[in-house]
Amino acid sequence: MKQLFQSLRTGALELAELPVPQARAGHLLIRTRRSVISLGTERMLLDFGRAGWIEKARQQPDRVRQVLEKIKTDGILPTVQAVQSKLDQPITLGYSQAGEVIAAGSGVEGFRAGDRVISNGPHGEIVSVPATLCALIPPGVDDDTAAFTVIAAIALQGVRLISPTLGESVAVMGLGLIGLLTCQILGAHGCRVLGFDPDEKKADHARRFGAEAYALTESLDAVGIAHAFSSGYGVDGVIITASTKSNDPIHMAPRMCRPRGRVILVGVVGLALSRDDFYRKEISFQVSCSYGPGRYQAPYEKKGLDYPIGFVRWTEQRNFEAVLQLMKEKKLVTESLVTARSPFGSALDAYENVSGGTDMLGIMLDYDAPVDTALKVVPLGVSQASGKAAAPVIGFIGAGSFASSTLIPAFRETGARLKIIASAGGMSGYHAGRKFGFEAVTTDHRALLDDSEINAVVIATQHDSHGALVMEALRAGKHVFVEKPLCIKREELEALDETYRSLAEKPLLMVGFNRRFAPLTVRLREILSGFREPGTFVMTVNAGSLPADHWTLDGEAGGGRLIGEGCHFIDLIRFCAGSPLAEVQSFPGGASAAPGTVSLFLRCTNGSQGFLHYLTAGHKSFPKERLEVICGGAVLVLDNFRSLAGFGVKGFSREKPMAQDKGHGGCARAFVEAVEKGLPSPIPFEELVEVTDATFRAAGL
């Protein structure tokens, strides 16, 4: 099936052939019939993608500050690689479509195969969308009209925030697609509508919807018109739906209003506010967020946890339903908003109109070509001759940002043959597959496990899937490399331990504990081998905070920060001490500490002690990881894998490589070499279980 996406680095568009997405839990799999190109939103994305590095930086000053902080802590090379990897990730375009349900994932209620639905799915022949971002199309509403629903919901949310009442006067600044839909919705509320736009054609369009509209020119007294329109009082509210870098809309809007009027920003405009414009009349100002409550909230959109209607009357899904009802009652009409049509196969040509057209509104994409809904594996046309003849054949499950920026490049450098890459949606797998030389992409990980040539599988998915995927791959007879953690629940560890021990032929199993393979860690371990005394290890991790809704913090999805990341440092101390862990004690940060803060005490059987301080409230400019070792009258300091210093160490004072190396390359090489030569696992299975068990004990599991 075909999917449209854009490169953030260059702005180039591609219509790619991808495997059909999976019907995931809580999602609908939808065969698209129509989708709408919204010129304002999508032109903004195109312009950003096509901008140069300097202009991109100018548009995102917060990102620039993050980059500068990362340079201070990690160095220039890792930072440049991280920025390039981020810009290299493709993004989907489009967010308003109508289609037919192919399948409903587990846990979905109220939808079934064959239903006509709308969703905020991207431009693609088959899309997978959370059920809370979909709504049933009522009888009497055709696909062309329904395809505007999500765009219209943006307009509706702006209207809801301005809280219009019957007879109020409201000005709409910007009469593009969303602005014209806003005019109609305000009219349905019984409001008198005043419209402004630089384009006379759009102003004329608004007049056909019952608004009094004007083309903005330098000589037009828009504020005076607004006061005349409202009998000299000033309009009750202004909804800004324009897309411009100018500050003019935000200056004019409050001056158009009556005392204690309301200004709602739906579009994107300059925000150099004048306090005096708002102060004298106590004007309220609010920014509207997309389709309404629930937007960008993971519990609502990804887990399907709806807000009770008695507390949140209008969620984004209920806004969709309200828009569809207006369409059914013919109070919201969209036929005249279609400026052009194009078959989806010619979408690239349609986007040329987006870039160059200034008098256009919506472009309708038609999806009438046949689609193979069972296509789950797509060849990428890569030669199979690359790599060493006897190299391991690897399949990758997961193609997220970490896999694409770090893991896949590390495995490619080993010379292993990269055969199939799997990702749930297909797009990230397609992009990574082409970039790194995979032979095929799939949305069904079982294609890797059923492939007789593939003898090793790398798992780089969300943490909650690790345990089950590891067991499935082991049962299929594959060697397994899984990015940390091994699993996130104790019952999974017990089941995995039982599964592995029951296998007659035991494949290699390795967790991506890369820090023990870092060159400076290896050097540290060599130095410590010359001491007979047990050591004291003090590990400080300046982990930093995460957004409250980050999936890692979700106990069900990510396991929490200690299990999801803290296991790295427990393993590092255990490796450097060279001794099994005998005791683990955990000391949470307390009520006043930042969430996720914890200190651990580790005691090894050889008498070594470890103190791990995992801190989430530190500043980003301070190095993230620092290990201090006190042993035999000497001190060693490993600073963020950028330097190793020795104090009182005979024959050693300092080692500082050219660039930071956390051991990802060494970790991948060790695994591939073990597979290729039939060597034991670089990390014994018992040690993996031991470290995972210690992490669970530290987390109170």
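Q: What makes helix α13 largely enclosed by the rest of the structure?
A: Let's count. In this predicted model, ten of the 13 residues of α13 are buried, so the helix is largely enclosed by the rest of the structure. Among those buried residues are Phe320, Val323, Leu324 and Met327. They pack against β6, β8, α5, α6, α7 and α12.

Q: How do you know that the length of α13 agrees with that of a helix with 13 residues?
A: At 1.5 Å a residue, α13 should span 18 Å. Its end C-alpha atoms are 19 Å apart, which agrees. Following α13 comes lysine 330, with a positive phi near 65 degrees.

Q: Why is α6 called roughly perpendicular to α13?
A: The axes of α6 (residues 149-162) and α13 (residues 316-328) cross at roughly 105 degrees and come within 9 Å. Angles of 65 to 115 degrees count as roughly perpendicular, so that is the name for how α6 lies to α13. On the α6 side, the contact is made by residues including Val150, Leu156 and Arg160, and on the α13 side by residues including Asn319, Phe320 and Met327.

Q: Why is aspartate 366 called buried?
A: Buried means under 20% relative accessible area. Aspartate 366 has 14%, so it counts as buried. You can find this residue in strand β16, which covers residues 362-366.

Q: What makes the pairing of aspartate 366 with arginine 341 a polar contact?
A: The cut-off for a pair of N or O atoms is 3.5 Å, and the side chains of aspartate 366 and arginine 341 are joined at 2.8 Å. A polar contact of 3.1 Å also joins the side chains of aspartate 366 and arginine 34. Leaving aside neighbours within four places in sequence, the residues in contact with aspartate 366 include Arg33, Ser342 and Phe344.

Q: How do you know that the span of helix α21 agrees with its 17 residues?
A: At 1.5 Å a residue, α21 should span 24 Å, and its end C-alpha atoms are 23 Å apart, which agrees. α21 does have a kink of about 40 degrees, centred on cysteine 567. This helix is mostly covered, with 17 of its 17 residues buried. Just after α21, glycine 578 has a positive phi of about 65 degrees.

Terms used. Residues are numbered from 1 along each chain as its sequence is written. This is a predicted model: local features need pLDDT of at least 70, side-chain atom pairs count only at pLDDT 80 or more; totals for chains, interfaces and linings use all residues. Side-chain values use heavy atoms; hydrogens and water are left out. Helices (H or I, at least four residues) and strands (E, at least two) are DSSP runs, numbered from the N terminus. Buried means under 20% relative accessible area, exposed over 50%, partly exposed in between (1.4 Å probe, protein chains only). A polar contact is a pair of N or O atoms within 3.5 Å; within protein, one must be able to donate a hydrogen and the other to accept it, and residues adjacent in sequence count only if both atoms are side-chain atoms. Contact means heavy atoms within 4.5 Å. The expected span of a helix is 1.5 Å times one less than its number of residues. The bend at a residue is the angle between axes fitted to the seven residues ending there and the seven starting there. Axes are lines fitted to C-alpha atoms, for helices over the stretch in contact, and angles run from 0 to 180 degrees between N-to-C directions. Angles under 35 degrees count as roughly parallel, over 145 as roughly antiparallel, 65 to 115 as roughly perpendicular and the rest as oblique.
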